[in-house]
Amino acid sequence: MKKYLIVFLISMVPLIELRGAIPYAVGFGLPILPSLGVALLGNLVPVPFIFFFARKVLEWGKDKKFTGKFFTWCLERGEKGGRKLEAKAGAGLYVALLLFVGIPVPGTGAWVGTLAASILNMDFKKSVLFIFLGLLLAATIMLLASLGVFGAIGLVK
């Protein structure tokens with residue numbers, strides 16, 4: 001139970017999210033399906049708070065002495081991600097959000113995707129659905145990578 005709690009908590013951490021939680025679970029030999037469920041749930045828990053409150057908190061704290069640099073960085077990252085999504089996606093904005101969250105590279109994920117959706121004033125319910133679908137994509141990619149599938153494919157010639 002303790003290891004599942006760790007998976008849950010790791011998946012809630014910004015920038016690490018389930019991209020770090022799934023390799024942890026696989027590395028410790030936890031059963032795959034429960035681990036995926038715990039990681040997905042942990043990664044989704046912060047989404048409503050980020051969507052509705054993060055921008056307000058970041059705006060408030062961007063000019064404060066101790067939080068200013070970090071909060072400004074978070075706002076800039078969210079705005080940059082939002083502009084990038086909007087520019088590339090056009091009418092496919094929600095699909096772009098899914099791909100932004102789903103491709104497991106540094107600086108993407110549910111945290112930044114949700115912040116971008118909030119900054120762009122996207123629909124909450126639709127955003128959460130596409131963020132969830134993106135997390136499923138990221139979880140699949142990370143699971144396959146953690147199990148060594150991509151390395152095994154390279155061995156086949």
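This is a predicted model: local features need pLDDT of at least 70, side-chain atom pairs count only at pLDDT 80 or more; totals for chains, interfaces and linings use all residues.
# Notebook: helix packing and selected residues

**Entry 1, α4 and α7.** I started with this pair and found that the axes of α4 and α7 come within 9 Å and cross at roughly 65 degrees. That angle makes α4 roughly perpendicular to α7, because 65 to 115 degrees counts as roughly perpendicular. I noted the handedness as well: α4 passes α7 in a right-handed crossing. I then listed the residues in contact. From α4 they are Val47, Ile50, Phe51, Ala54, Arg55 and Leu58. From α7 they are Ala110, Trp111, Thr114, Leu115, Ala117, Ser118 and Ile119.

Threonine 114 is in helix α7. Is threonine 114 buried or exposed? Its relative accessible area is 0%, so I put threonine 114 down as buried. I next looked up its side chain and found a polar atom of it 2.6 Å from the backbone oxygen of alanine 110. Leaving out residues up to four places away in sequence, threonine 114 touches Val47, Ile50, Phe51 and Ile131. Val47, Ile50 and Phe51 are also on the α4 side of the contact in the entry above.

I moved on to helix α8, which covers residues 124–146 and holds serine 127. Serine 127 has 1% relative accessibility and therefore counts as buried; the cut-off for buried is under 20%. Which backbone oxygen lies 2.6 Å from a polar atom of the side chain of serine 127? I found that of aspartate 123. Setting aside residues up to four places away in sequence, I recorded Phe51, Tyr94, Leu97, Ala117 and Met122 as touching serine 127.

Apart from residues up to four places away in sequence, phenylalanine 124 touches Pro48, Phe51 and Phe52. I also checked a distance: phenylalanine 124 and arginine 83 are 18 Å apart in space, C-alpha to C-alpha, and 41 residues apart in sequence.

I asked how many residues of α6 are buried. I counted eight of its ten, and wrote α6 down as mostly covered. The buried ones are Leu93, Tyr94, Ala96, Leu97, Leu98, Phe100, Val101 and Gly102. I then looked for what covers these buried residues, and the cover includes α2, α5, α7 and α8.

The axes of α5 and α6 come within 9 Å and cross at roughly 130 degrees. The two helices are therefore oblique to each other. I recorded the passage of α5 over α6 as a right-handed crossing. On the α5 side the contact is made by Gly81, Leu85, Glu86 and Ala89. On the α6 side I found Leu93, Ala96, Leu97 and Phe100.

I looked up the largest nonpolar core, which has 34 residues. Which of them touch the most other members? I found Leu18, Ile22 and Leu97. The elements that give two or more residues to this core are α2 (17–27), α3 (32–44), α4 (47–61), α5 (68–89), α6 (93–102), α7 (110–119) and α8. I noted a second, separate core of eight residues, including Ala54, Leu58, Cys74 and Ile119. Going back to isoleucine 22, I listed what it touches, not counting residues up to four places away in sequence: Leu36, Ala39, Ala139, Met142, Leu143 and Ser146.

I finished with backbone angles. Leucine 15 is not a glycine, yet its phi is positive, at about 70 degrees. I found leucine 15 in the loop between α1 (2–12) and α2. With a relative accessible area of 49%, leucine 15 is partly exposed. Asparagine 121 also has a positive phi, near 55 degrees, in a residue other than glycine. Asparagine 121 sits in the loop between α7 and α8.

Conventions:
Residues are numbered from 1 along each chain as its sequence is written. Side-chain values use heavy atoms; hydrogens and water are left out. Helices (H or I, at least four residues) and strands (E, at least two) are DSSP runs, numbered from the N terminus. Buried means under 20% relative accessible area, exposed over 50%, partly exposed in between (1.4 Å probe, protein chains only). A polar contact is a pair of N or O atoms within 3.5 Å; within protein, one must be able to donate a hydrogen and the other to accept it, and residues adjacent in sequence count only if both atoms are side-chain atoms. Contact means heavy atoms within 4.5 Å. A nonpolar core is a set of buried Ala, Val, Leu, Ile, Met, Phe, Trp, Tyr and Cys residues joined through side-chain atoms within 4.5 Å. Axes are lines fitted to C-alpha atoms, for helices over the stretch in contact, and angles run from 0 to 180 degrees between N-to-C directions. Angles under 35 degrees count as roughly parallel, over 145 as roughly antiparallel, 65 to 115 as roughly perpendicular and the rest as oblique. A crossing is left-handed if the near helix is turned anticlockwise from the far one by less than a right angle, and right-handed if clockwise.
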